[in-house]
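Please look over the two chains shown here, and then read the briefing on a few of their features.

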Amino acid sequence: MEKQLSSDEKREALFQRWLSPKDPLGNAIPFQSPEAEQAYQARINRIRDAVQMEKTPDRVPVIVAPSFYPVYYSGMTPHDVMYDYDKLATAFKKFALDFGADVHIGATAPGPGKMYEILDYKLYSWPGHGVAPESSYQCNEGEYMKADEYDALIQDPSGYFSNVYLPRVFGAMAPLQMLPFLPGILEIYGVAYNFIPFGIPPVQGAYKALMEAGAEALKWAGAVGGVAAELGSLGYPALWGGFTKAPFDMIGDTLRGTKGIMLDIYRQPKKLLEAMEAITPLMIKLGVGAAQMTGQPVIFMPLHKGADGFLSQEHFEKFYWPSLKNVILGLIEAGCVPNPAAEGGYNSRFDVVKDLPKGKTLWMIDQSDMAKAKETLGQNACLMGNIPSSMLSFGKPEEVKAYARNLIETAGKGGGFILGNGAFFDQAQPENIKAMVETAKEHGAYK
Amino acid sequence: MNPLVEAITEMREEDAVRLAQEELRTGTSPAEVMDHCREAMAIIGQRFEAGDCFVPELILAGEILRQISDVVKPHLTQATETKKIGRVVIGTVKGDIHDIGKDIVAFMLDANGFEVKDLGVDVPDVKFVEAVQEFQPQVVGLSGFLTLAYEPMKNTIKALRDAGFAGKIMIGGGEMDEQVRQFTDADAYGKDAVAAVSLAKQWVGVA
């Protein structure tokens, strides 16, 4: 029998793959110069030392994690880059190269507008479709999963997605609610009944739309992959190898909606807990599968509804944290580095979330008190952040530098810190972003 | 404590609705039933302020209140409606379609005795100006979740001032703070629904 790798060995293997990037066919991506190759590896090792907390990196690493900022910075609109993938690539490359942070988060955020049109995506409004061309996309909250559908989700999450949820959020997929129950396809007797739906014109139309959407997604992915490959070849690694979510947010953000899940806490707490338990392995699989495919260990997890002020401490500890913790531990076990982004404030939560294995997670911190974060969560986890969005927009470079230096001295003490912005932003003054990056380079060295 | 007030504040939804129906049936006046609801909301507001009450409780209390007022409204006459303590126009600024925070603030203002005109989301300057001229509020509340809301907030405030609005303007939402307030020229920034209510009360002189 093949020897089972330990979780540390799996993580090491992923870090090694990250250090030697390959294209989708498995060929090594050539660097543009030996210096670029060296810089690429030095940057990953800087991040890795900060995350693993076994030794201090050479200096505090720095990241700039924008939302649509690169687009505005390049004089374009969100509509431009969601419909013209060359523009998308140009904007995000320019952004990464002009500011020269250690790692970038790629050009994935603005998705392919035409694909959303083909699929008639209802969950979001995007530039030109419900919001202005100059605006970023925004979520249309709703109860896409009804209050009485928990059992259906719990019994068969994938079936619920394919036959119920996806047909609701993508208009073009509506006919797929007629899809057969796949575990019923068992033996020759009666097997043909299961294929009848595929002969019905609306279902065939839905598949045609899916094929067109796939073709558009491929075009877009070519551009996005090209950005990552080129930045990599110039020495700039991408941070994230994939994405997953806290089970509470998975259900609360896009299935039940904020109002729905908040009411469920009181109206059907057992069902909610049961559903989160049922989807926990799927959320682990989502992150692990992506890391295996991309060969990059860091898995991004935006955290939403567990922030200070959203839930009582009792509800946080009962409904939000246990399943999130299980996802984090499952990712760690498979060799990943979970990267939760604690959006909003997390001051009241640090004492709860701090008990994680040391040196295995990376937490992006938004508006929390970083000194407190360092004393609690920061004892076991690498922290990343927390220059405020408002300061990047309205502050002066000296102000940003002073704030960043203070972060380096407090949160950066002894390692385990990556300097960066706290929340994904659309607006900022370029001088302020420069000031943030420079501060890490000028004042971030560990003696 | 009155059993209805107690049921609402303890988040016992079914009991609360049943008790409201029972009060009506046993001769409590509709206005008094609504007073009990207001009393409960004041307690929930205090708990929210003290950090003992959060979003699920506000949303559930809102749902309970809606169900009770559906029961009570048919029995209410114009005369029994209580006097409002002030008028507020509220909305999410142009380009931003987020509504949860704004809805909570509108709900808390309403529960605290304000007459609230909610303009919804993605509201252009001119709609704010029209609403202010028509509704004559003492307070305008601008909501926005994204950094993209900074400019539209500033523009809306300028449009309101240019149109002669002399009342108070407050802003709030995910990426807002004192630095954004200065940029937009708002009178105040409120970090949550409780802050919004206390600002509004202070401005209409009932705090």
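This is a predicted model: local features need pLDDT of at least 70, side-chain atom pairs count only at pLDDT 80 or more; totals for chains, interfaces and linings use all residues.

Residues are numbered from 1 along each chain as its sequence is written, and chains are lettered from A and ligands numbered from 1 in the order in which they are written.

**Contact between the chains**

- Chain A brings 28 residues to the contact and chain B brings 22 residues, where two residues are in contact if their C-beta atoms, placed from the backbone, lie within 7 Å.
- On the side of chain A that touches chain B, the elements giving two or more residues are helix H11 (257-267) and helix H16 (389-394) of chain A; helices (H or I, at least four residues) and strands (E, at least two) are DSSP runs, numbered from the N terminus.
- H11(A) gives the most to this side, with six residues.
- Sorted by class, the side of chain A that touches chain B holds 12 nonpolar, 13 polar and three charged residues, with Ala, Val, Leu, Ile, Met, Phe, Trp, Tyr, Cys and Pro counted as nonpolar, Asp, Glu, Lys and Arg as charged, and the others, Gly among them, as polar.

**Helix H5 of chain B**

- Helix H5 (residues 100-111) of chain B has 12 residues and reaches 16 Å from its first C-alpha to its last, close to the 16 Å expected at 1.5 Å a residue, the expected span being 1.5 Å times one less than the number of residues.
- H5(B) is mostly covered, since nine of its 12 residues are buried, among them Val105(B), Phe107(B) and Leu109(B); a residue is buried if 20 or more other C-beta atoms lie within 10 Å of its own, exposed if 12 or fewer, and partly exposed in between, with C-beta atoms placed from the backbone.
- Just after H5(B), Gly113(B) takes a positive phi of about 95 degrees.

**Backbone angles**

- Most residues other than glycine have a negative phi, and most peptide bonds are trans.
- The peptide bond from Gly385(A) to Asn386(A) is cis, with omega near -20 degrees, and Asn386(A) lies in strand S8 (residues 382-387) of chain A.
- Asp120(A), which is not a glycine, has a positive phi near 55 degrees and sits in the loop between helix H6 (113-119) and strand S1 (124-127) of chain A.
- Asp120(A) is partly exposed, because 14 other C-beta atoms lie within 10 Å.
- Met11(B), also not a glycine, has a positive phi of about 65 degrees and is placed in the loop between helix H1 (3-9) and helix H2 (13-25) of chain B.
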